[in-house]
Amino acid sequence: MIGRPPRSTLFAYTTLFRSLDEANGIFESQLKWTVTAKTEDGEIAYVTECHQAGIFTLKGYDDETLNEMVKKACPQVLFPYLREAIGQMIAKGGFPSFYLPPVSIALMYENKNAVIDRSDSGATG
């Protein structure tokens, strides 16, 4: 497998956040991204998981805007660093170069919530 690009690549991500000092507006945001590559035979070639975290000071925002900042803007700031780390881990593992394309975390978050909202909207009990 080493030397040939994988046949398929799957991605999964999670964003986590927590308040470290809410009175002073200090929050931690973490972006977790998993890349699973499979061979032509469907065998797993490799799984790479990276956690990138940052501490942010967010003051002067109303609750709704603060929620948007922590869930969308902070992870978007972290993404380029995570993207580079994933590419380096895969290359240092002896696999062909891998480039995780730029993405909009905010758009992915909104689409994920739209899917959840749609699945919940039809439930009547």
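Reader: Is K72 buried or exposed, and at what relative accessibility?
Author: Buried stands for under 20% relative accessible area, exposed for over 50% and partly exposed for the range in between, with a 1.4 Å probe and protein chains only. K72 falls in the buried class because its relative accessibility is 12%.

Reader: On what basis are such values given?
Author: This is a predicted model, in which local features need pLDDT of at least 70 and side-chain atom pairs count only at pLDDT 80 or more, whereas totals for chains, interfaces and linings use all residues. Residues are numbered from 1 along each chain as its sequence is written, and side-chain values use heavy atoms, with hydrogens and water left out.

Reader: In which helix is K72 found?
Author: Helices are DSSP runs of H or I with at least four residues, strands are runs of E with at least two, and both are numbered from the N terminus. The helix that holds K72 spans residues 63-92. Its name is α1.

Reader: With which residues is K72 in contact, leaving aside its neighbours within four places in sequence?
Author: Contact means heavy atoms within 4.5 Å. Once the neighbours within four places in sequence are set aside, the residues in contact with K72 are I105, A106, Y109 and E110.

Reader: How many salt bridges does a search of the whole structure find?
Author: A salt bridge requires a side-chain nitrogen of Lys or Arg within 4 Å of a carboxyl oxygen of Asp or Glu. When the whole structure is searched, the number of salt bridges is three.

Reader: What separates E68 and K72 in helix α1?
Author: The side chains of these residues, E68 and K72, meet in a salt bridge with an N to O distance of 2.5 Å. E68 is partly exposed because its relative accessible area is 34%. Since E68 and K72 are four residues apart in helix α1, the separation is about one helical turn.

Reader: How far apart are the closest N and O atoms of E110 and K72, and how many residues apart is the pair?
Author: The salt bridge of E110 with K72 has its closest N and O atoms 2.7 Å apart. This pair links distant parts of the chain, with E110 in helix α2 (residues 105-121) and K72 in helix α1, at a separation of 38 residues.

Reader: Which residues are linked in a network of salt bridges?
Author: E110 is partly exposed because its relative accessible area is 41%, while K72 is buried at 12%. The residues that salt bridges link in a network are E68, K72 and E110.

Reader: How many bridges join β1 to β2?
Author: Two strands pair if DSSP finds at least two bridges between them. In β2, F27 is the bridge partner of S19. In the hairpin of β1 and β2, four residues lie between the strands and G25 takes a positive phi near 70°. The strands β1 and β2 run antiparallel, and the number of bridges joining them is 13.

Reader: Over how many bridges do β2 and β3 pair?
Author: G54 in β3 is the bridge partner of S29, and A37 stands opposite Y46 in β3. Five residues lie between β2 and β3 in their hairpin, where G42 in the turn has a positive phi of about 85°. Strand β2 (residues 26-38) and strand β3 (residues 44-57) are antiparallel, and their number of bridges is 13.

Reader: How many residues of β2 are buried?
Author: β2 is described as mostly covered. Of its 13 residues, the number buried is 10.

Reader: How many aromatic pairs are counted?
Author: Rings of Phe, Tyr and Trp (its six-membered ring) pair if their centres lie within 6.5 Å; planes under 30 degrees apart are stacked, those over 60 are edge-to-face and the rest are tilted. By this rule, the number of aromatic pairs is four.

Reader: How many residues apart in sequence are the parts tied together by F11 and F98?
Author: F11 and F98 form a tilted aromatic pair, 6.2 Å centre to centre with 45° between the planes. Because F11 lies in strand β1 and F98 in the loop between α1 and α2, the pair ties together parts whose separation in sequence is 87 residues.

Reader: Which residues form one aromatic cluster?
Author: W33 counts as buried because its relative accessibility is 3%, and Y13 counts as buried at 15%. The aromatic cluster is formed by Y13, W33 and F79.
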